[in-house]
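Here's a quick briefing to read with the model open beside you. Take a look at the fold, then work through the points below.

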Amino acid sequence: GCVDLIVVVFEPTIAAADRAHLAFGARLLATGVLIAAALLLTPTLGAVGVAMAVFATALTQAVLLGLVLLHLVRDDLSPQLQS
């Protein structure tokens, strides 16, 4: 949904920095969150639980990809800040 629209620019930027494996790792971890949350929430909440799991996955991806991008930007700016 809306969170995915915000994050859509993160992955190509990370891939352009030659760190596509970090984006893949973030997506893989977020998929694990989806599976775990769906297994925990579906028995009690049904379809609403699945929707909550999908939202949790979107948030996880946004946070992880944002952290990777922030790390890349900080690493890129470090030499400029030291001089």
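Search the whole structure and you find one salt bridge (a side-chain nitrogen of Lys or Arg within 4 Å of a carboxyl oxygen of Asp or Glu). Keep in mind that this is a predicted model, where local features need pLDDT of at least 70, side-chain atom pairs count only at pLDDT 80 or more, and totals for chains, interfaces and linings use all residues. Residues are numbered from 1 along each chain as its sequence is written, and side-chain values use heavy atoms, with hydrogens and water left out.

**The salt bridge**

- The partners are E11 and R27, and their closest N and O atoms are 2.6 Å apart.
- This pair ties together distant parts of the chain, with E11 in helix α2 and R27 in helix α3, 16 residues apart.
- Why can such a pair form at all? Side chains of opposite charge can pair when their charged atoms come close.
- E11 counts as partly exposed because its relative accessibility is 28%; the cut-offs are under 20% relative accessible area for buried, over 50% for exposed, and partly exposed in between (1.4 Å probe, protein chains only).
- R27 is also partly exposed, since its relative accessibility is 27%.

**The overall build**

- The protein chain has four helices and zero strands; both are DSSP runs numbered from the N terminus, with helices being H or I of at least four residues and strands E of at least two.
- Follow the sequence along and the pattern reads α-α-α-α.
- How does the chain's radius of gyration sit against that of a compact globule? A compact globule of 83 residues would come out near 12 Å, but this chain has 16 Å. The radius is taken over C-alpha atoms, and the globule rule is 2.2 Å times the number of residues to the power 0.38.
- Along the principal axes, the C-alpha atoms fill a box of roughly 55 × 20 × 20 Å.
- Of the 83 residues, 22% count as buried.
- The accessible surface comes to about 5,600 Å², and 74% of that belongs to carbon and sulfur atoms. These areas come from the Shrake-Rupley method with a 1.4 Å probe; for residues, only the protein chains shown count as cover.
- Take the contacts (heavy atoms within 4.5 Å) between residues at least 6 apart in sequence: 68% of them join residues at least 24 apart.

**The nonpolar core**

- The largest nonpolar core has 12 residues, among them V3, F10, A23 and L65. A core like this is a set of buried Ala, Val, Leu, Ile, Met, Phe, Trp, Tyr and Cys residues joined through side-chain atoms within 4.5 Å.
- The elements giving two or more residues to this core are α1 (2-7), α2, α3 and α4.
- Which helix gives the largest share? That's α4, with six residues.
- L69, one of the core residues, touches F10, T13 and I14 once you set aside its neighbours within four places in sequence.

**Q61 and D4**

- Q61 sits in helix α4 (residues 47-82), and it counts as buried because its relative accessibility is 12%.
- Leaving out neighbours within four places in sequence, Q61 is in contact with D4, V7, R27, A30 and G66.
- Q61 and A23 are 38 residues apart along the chain, with 9.1 Å between their C-alpha atoms.
- D4 is in helix α1 and is partly exposed, since its relative accessibility is 36%.
- Not counting residues up to four places away in sequence, D4 touches A58 and Q61.
- D4 and R19 are 15 residues apart in sequence, yet their C-alpha atoms are 20 Å apart in space.

**Spots to find on the outside**

- L34, V50 and V54 make a nonpolar surface patch of about 200 Å². Patches use residues with over 30% relative accessible area and no salt bridge: like charges are joined within 9 Å, and nonpolar side chains (Val, Leu, Ile, Met, Phe, Trp, Tyr) within 5 Å.
- V50 belongs to helix α4 and is partly exposed, as its relative accessibility is 37%.
- D18 lies in the loop between α2 (10-16) and α3 (20-45). Is D18 buried or exposed? At 64% relative accessibility, D18 is exposed.
- D18 also has a positive phi of about 65 degrees, although it is not a glycine.
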